[in-house]
Amino acid sequence: MPGQNDYFNVPLSRVAIGNTGEFSHPGAIKAAVAEFISTFIFVFAGSGAGIAYNSITGNSPTSPSGLVVAAIAHAFALFVAVSIAANISGGHVNPAVTFGLFVGGNITLFRGILYIIAQLLGSAAASGVLLFTTGLPVPTFGVSGVSVWAALVFEIVMTFGLVYTVYATAVDPKKGEIGIIAPIAIGFIVGANILAGGAFTGASMNPAVSFGPALVSFSWTNHWIYWAGPLVGGGLAGVIYEIFFISHTHEPLSEF
């Protein structure tokens, strides 16, 4: 009789800590630079589209057209950002994705910390450049029309969908040819989630995307939601996909 572990992986069994040497390892540094650049491009295009829309419309209230602009800009920009970093760092572009991959044993803790630092710096740099070049406020994320706890659930569910998509199209060793469309699938789910949740939370799904604008605007109202929600959602997606769907034939995690 097959045992339970022949059907399901043990939760968190593949989590790896790594070592501090990863902070100075050339491959890890190169990957972190790729994460910085991709996150910079993503935030610059996504937030930049919001600034441009506000400028053209005279900072009009949130409208359906504005929501569509945000969805399209972020979907296209993320598609590109993931694509250009995929062969170097894996194209995380998001601390929630990095955390979701960590709990599934697909990246070490130390390398994950390096990625997250690079992502936050990339977002901050992009937001700073937008503020400097346009002289206009960089849009920040906020709760509208729902309670704080409902907003938290929104961010958890939306990020779960995002990280689950990452696992299914980019991480799963059984993905086959579906891996070719991983960047566009990831961009599409972000765009769709913005259409679903943008009017209520801004649909961040990404602590780095929220961090940069909040930093340059010194606006931290309910900012914790945009960390707690994505990290919980991403972590759940990583654990669930790892338990139920990842094959036991995974190659062991490399040292770096």
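This is a predicted model: local features need pLDDT of at least 70, side-chain atom pairs count only at pLDDT 80 or more; totals for chains, interfaces and linings use all residues.
Residues are numbered from 1 along each chain as its sequence is written, and side-chain values use heavy atoms, leaving out hydrogens and water.

**Overall fold**

- The protein chain has eight helices and zero strands, giving the pattern α-α-α-α-α-α-α-α along the sequence.
- The radius of gyration (taken over C-alpha atoms) is 18 Å, close to the 18 Å from the globule rule for 256 residues, so the chain is as compact as a globular protein of that length; the rule is 2.2 Å times the number of residues to the power 0.38.
- Along the principal axes, the C-alpha atoms fill a box of roughly 65 × 40 × 35 Å.
- Of the 256 residues, 46% are buried.
- Among contacts (heavy atoms within 4.5 Å) between residues at least 6 apart in sequence, 84% join residues at least 24 apart.

**Surface and nonpolar patch**

- The accessible surface comes to about 11,800 Å², and 71% of that belongs to carbon and sulfur atoms; areas come from the Shrake-Rupley method with a 1.4 Å probe, and for residues only the protein chains shown count as cover.
- A nonpolar surface patch of about 1,000 Å² includes Ile-29, Val-33, Phe-79, Ile-181 and Phe-188. Patch residues have over 30% relative accessible area and no salt bridge, with nonpolar side chains (Val, Leu, Ile, Met, Phe, Trp, Tyr) joined within 5 Å and like charges within 9 Å; a salt bridge is a side-chain nitrogen of Lys or Arg within 4 Å of a carboxyl oxygen of Asp or Glu.
- Helix H1 (26–57), helix H2 (64–85) and H6 each give two or more residues to the patch, and H1 provides the largest share, four residues.

**Aromatic pairs**

- The structure holds 14 aromatic pairs: rings of Phe, Tyr and Trp (its six-membered ring) with centres within 6.5 Å, called stacked with planes under 30 degrees apart, edge-to-face over 60 and tilted for the rest.
- Phe-154 and Phe-200 are stacked, at 5.2 Å centre to centre and 20 degrees between the planes. Phe-154 lies in helix H5 (residues 148–171) and Phe-200 in helix H6 (residues 182–201), so the pair ties together parts 46 residues apart in sequence.
- Phe-154 is partly exposed at 26% relative accessibility, and Phe-200 is partly exposed at 30%.
- One aromatic cluster is formed by Phe-160, Tyr-164, Tyr-167, Tyr-241, Phe-244 and Phe-245.

Notes. Buried means under 20% relative accessible area, exposed over 50%, partly exposed in between (1.4 Å probe, protein chains only).
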